[in-house]
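Colleague: I am new to this structure and would like to understand the terms applied to it. Could we go through them one at a time?

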Amino acid sequence: MATNLNKLVLATIVVAALLQGSWAQTTHLVGDALGWTIPPGGPIAYSTWASKNTFTVGDVLVFNFANSSHDVAKVTKAAFDACNSTNPISISTTGPTNITLTTAGEHHFICTFPGHCAAGQKLAINVTAAATSPSPPPSSSVKTYVVGESLGWNVLPNGTEAYKAWAANKTFLIGDTLVFNFVNGSHNVAEVTKAAYSACDTTTTISLTTTSPARITLTTAGEHFFTCTFPSHCTLGQQLAINVTGTTTAPSPPPTTAAPAPSPTATPPPTTATPAPSPTATPPPTTAAPTPSPAATPPPASTPTATPPPSAATPPPSPSPSGNTTPSTPPPSETTTAPPPPNSATSLASAALPVALLSIAVALLH
């Protein structure tokens, strides 16, 4: 049981490794639908195809050709330029041929059949290291332009107008790349000043590239001028003028507008809440203090003057007991009439005493 489990784990690891390898590599069909043959337009066909692809270590090239009519040989750069097939690095005579790119740098392939290489059946590519594979994301913000598209970099029948029309509808930004496809030994590409461009003066150049495909990265904004330095090629229209604008990093200013807005609205409100409570709270206590003092003092002063009317106090006998304790609180405004109750109680007692004595005497007589 343990042995079977170990085999299962090992098989899983192998499958994962194979899947990872298949995801990491890219298979390129050389020439796409054209295949590997003598191209109708000469070497430009395969130069244009290569400029539209990115080759990385681990990728696979597939050469489709008819057996006994073509082959594919890997050669040195010198043999590639001279179409020399005497000492190839490797050769395959059976199609389709799959070639895995195992090293970084330039790789060159030709057909060794007589006249095929000279007729354009040759391919040069540049392979980058596998460690640089995370670089493609930035390519979403930059572009690669193949100058002249399928026409390549050449002397064209309609002269300068062809390249003017090609550049007219394009926007070139810093970081974009121009690819010039041309036949080595027959053309080159030079960057020159505006004055040299206008006069087709190729004696002094800013830069010169003699090997195709020439990849030129646009690193500065402004006008850029390119021409071919071969005799009469510039005057025949093999020249290009473009205008390069800045990168797309300008949208950063908008966040600055959000910061100043909240500061003015938050500060004023607290100032209105502080002054209100102070004036309204102080006046009320001044009116409550003087009222209780005058109401309590008058009653004792009127006590001696209330004795004369004993007869007027007799009708209300019931309020007299409670009047001894609460005369001053209920009606503070009637302070002059409050004294009679205590004096009427004493006069009533004195008037009732003879009656009581008389009642006792009558009881003793009986």
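Colleague: What is the bridge partner of glycine 105 in strand 8?

Modeller: The bridge partner of glycine 105 is valine 127 in strand 8, and phenylalanine 55 also stands opposite valine 127. Please keep in mind that this is a predicted model, in which local features need pLDDT of at least 70, side-chain atom pairs count only at pLDDT 80 or more, and totals for chains, interfaces and linings use all residues. Residues are numbered from 1 along each chain as its sequence is written, and side-chain values use heavy atoms, with hydrogens and water left out.

Colleague: Why is cysteine 117 called buried?

Modeller: Buried means under 20% relative accessible area, exposed over 50%, and partly exposed in between, with a 1.4 Å probe and protein chains only; cysteine 117 has 6%, so the word buried applies. Cysteine 83, at 26%, therefore counts as partly exposed.

Colleague: How do you know that cysteine 83 and cysteine 117 form a disulfide?

Modeller: A disulfide is a pair of cysteine sulfur atoms within 2.5 Å, and the sulfur atoms of cysteine 83 and cysteine 117 are 2.1 Å apart. The torsion about their S-S bond is about -75 degrees, so this disulfide is left-handed. The pair links distant parts of the chain, 34 residues apart, with cysteine 83 in the loop between helix 3 (77–82) and strand 5 (90–92), and cysteine 117 in the loop between strand 7 and strand 8.

Colleague: Why are the buried residues of helix 4 said to line one face?

Modeller: In helix 4 (residues 160–168), Thr160, Ala162, Tyr163, Trp166 and Ala167 are buried. Seen down the helix axis, the buried residues fall within an arc of 160 degrees, so they line one face, where the arc is that of the directions from the axis to the C-beta atoms. On the other side of helix 4, Ala165 and Ala168 are exposed.

How values were computed
Helices (H or I, at least four residues) and strands (E, at least two) are DSSP runs, numbered from the N terminus. Two strands pair if DSSP finds at least two bridges between them.
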